[in-house]
Amino acid sequence: MARIFLVLLFLLAPVPGPAADLADIRTFLSDTSYDEVRVSPDGSRLAFLARRNDFEADREEVSLWLVPLGGPPESQKPSRLTTFPAGASGLQWSRDGRLLSWLAAGEGGATQVFVLDPAGGTPRRLTDLAEGVSVYDWLPDNSAVIVIASDPAAPATAAAQEKLRGFYGDVRRLPGAPFPKSSFYKVALKDGRVERIADFPFEFSWALSVSPDGQWLAAIGDSGTQLTKGNEVLVLPLGPQAVAPWQTRNFAWEESLTWAGRDLLVSASGEEVEGRLAVTENRLHRYENDGRLARIAPGLEGHVIQILGLDDGSLLATTLVSTRIRVYRVEPAAGRVQLLHELPGWAFSFSASGDGRRIAFVASDSRHFAEIHVADGPGGIAGARPVTDFNAAFNQGPLPEIEKVSWSNGEGDTVEGVLYWPPGKKGEKGLPLVVDVHGGPFGTARLEALALYGSSMSYPALLASRGFLVLNPNYRGSAGRGDEFTRAVQMHRCSRPATDVITGAENLIARGWADRNRVGLLGYSYGGHTGNCVITRSDLFRAACTGAGNWNDITFYSALPRGPGWAEVFFGGKAPWENQQLWWDESPISRTAQVKTPLLAVYGGVDGATASQSESLYNNLTRVGVPVEVLVFPGEGHIFQKPSHKLTKVRAEISWLEHYLLGKPRTELP
């Protein structure tokens, strides 16, 4: 049926309501996700961005909320400050906690910085940069923000481009226009005055942070090739220091950074072994003044997810170990690591007051959809209390039962996964099985949690609620099992994950839980890559649905600027013409003739080169007589935005699986 009207009421007045029907697709897609959570510097308030699918307007609606903290529980109720029909991100408090700020589309569509006094008033656009802002941070004295933005085209460059257009007209020419250069700018809070600070030497910017003393800028940038040598940390003086900028040059992906006192701490994965990249789990490093990353706190076990610096020079760190989240306090100077809590679910978007006495985060577990929780200090995380209940209705109906399982892949490894039982059917025999393959590949399955990632990409709780036994396998390449398990995907990007998925399904069949004649597969992104690999290596699966999945790695390499990054991670840095046999063997197209599984493949119409893989996949499988359909969603990138497209994707995939596994008619077809 149509989405339950009460779900809209949750956003207007978040109180528990009737149980939501998790088996209904539109209802399932109506949960609220919490994109960003920010505790004010003094810990007195909590701001967050909430996202929901507005099916009536066919757009994602993002709204900004405020929660007072520190008073009696009945006073800690969220109030909505404003709504962003076109979305928002980059939520921050000013350093004095007086203002909230965020990134959203301004007039003309370019992304700008907006500020708001939550005590009253209306949002004010702070920046007016023609090419828009990618990332920003506040100065400690609250006088201005530092932003990274593309530079306006110089007159000479604009004239040159106009000359080319005059010669070629509407003909597309490669090479095209060069990637626009970017710079650091300072934008004054009082009057919006803009001052250019320095060049930003990368094509893309991922993070920016100003040191607590206001003397340094740190940023993470990347190149279009996505090679580790182009993904680096840049540090430059903001004050009067007569020091040139420093930059890392290493075989690592720098993912996030935070200041802990005077130390810049960086989470990064990968290391150099014999002159090339060796994949590792994400680790904690200190940035040294010579541009080197020095690993610290080796006692911090697991794959680092988030790092959060505190005023006293310590930091909070969350890591993934197996299928669980751990929260640590780290003292970098002393190298001390203290385990604070282990959560049997998923916790993310940690935020804290400057003194660490108030901590907020989003959490989901096997009995609860995601909500925001608040703890009194690091020692109070285990007893954190929820301050939202927007998803309360989803917790009240019959829920899947979730557990961790493991099996041998026949190649010397123990593989883990998360198993979702249909409500009330735990332990039953002969159930229809869907293997839901996570992306990454350096991600992890659902961590015994009901809600994680985008529910239109991976939705085991929905499938379980419709009667399927669902396995989320953590195949080789997944995080949380150590460096060797993570890097096992290198040089075997197709074969090893596929083996782990197939043996996982076979294990559940051997236990009697799954019916061999009713086994299906679902996967998106790297899960789509892996799903395409699986059906070329096994005829066990009676139906498969893959999204954004490669079919021919060689043409994928050739069609994208990031092809060299793909080669570095999965093919030892060798281009297809340098190791043609490996590229062919580890690409699904090489085993087209073995495919028997009916396949539905979905792609975003503007999702880089993955969309071009759809025609190759469709034409090849059609020629060998395999039932195949391809859906291409116009205007969608890798992550779908329009609620109608999300709904169509999930409906089509479930219809495909239920037709081939349960014998149901495909009512959407004439």
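Residues are numbered from 1 along each chain as its sequence is written, and side-chain values use heavy atoms, with hydrogens and water left out. Because the model is predicted, local features need pLDDT of at least 70 and side-chain atom pairs count only at pLDDT 80 or more, while totals for chains, interfaces and linings use all residues.

**View 1. The second largest pocket and its lining.** This pocket has a volume of about 470 Å³. (A pocket is an open set of points on a 1 Å grid over the protein atoms alone, where a 1.4 Å probe fits, with protein on both sides within 12 Å along at least five of seven lines; lining residues have an atom within 4 Å of a point.) Of its 19 lining residues, Asp151, Pro178, Phe179, Pro180 and Lys181 are the closest to its centre. Helix H3 (155–168) and strand S12 (194–200) each supply at least two lining residues, and the largest share, 3 residues, comes from H3. (Helices, H or I with at least four residues, and strands, E with at least two, are DSSP runs numbered from the N terminus.)

View 2. Look for alanine 548 in the loop between strand S36 (543–547) and helix H8 (553–559). Alanine 548 counts as buried because its relative accessibility is 0% (buried means under 20% relative accessible area, with a 1.4 Å probe and protein chains only). Glycine 527 is 21 residues away in sequence and 8.6 Å away in space, C-alpha to C-alpha.

**View 3. Helix H12 and the glycine after it.** H12 covers residues 643–662. Here 14 of the 20 residues are buried, so H12 is largely enclosed by the rest of the structure. Glycine 663 follows H12 and has a positive phi, near 80°.

Methods: Grid points are joined across faces, edges and corners, and a volume is the space filled by probe spheres set on the points. Buried means under 20% relative accessible area, exposed over 50%, partly exposed in between (1.4 Å probe, protein chains only). The expected span of a helix is 1.5 Å times one less than its number of residues.
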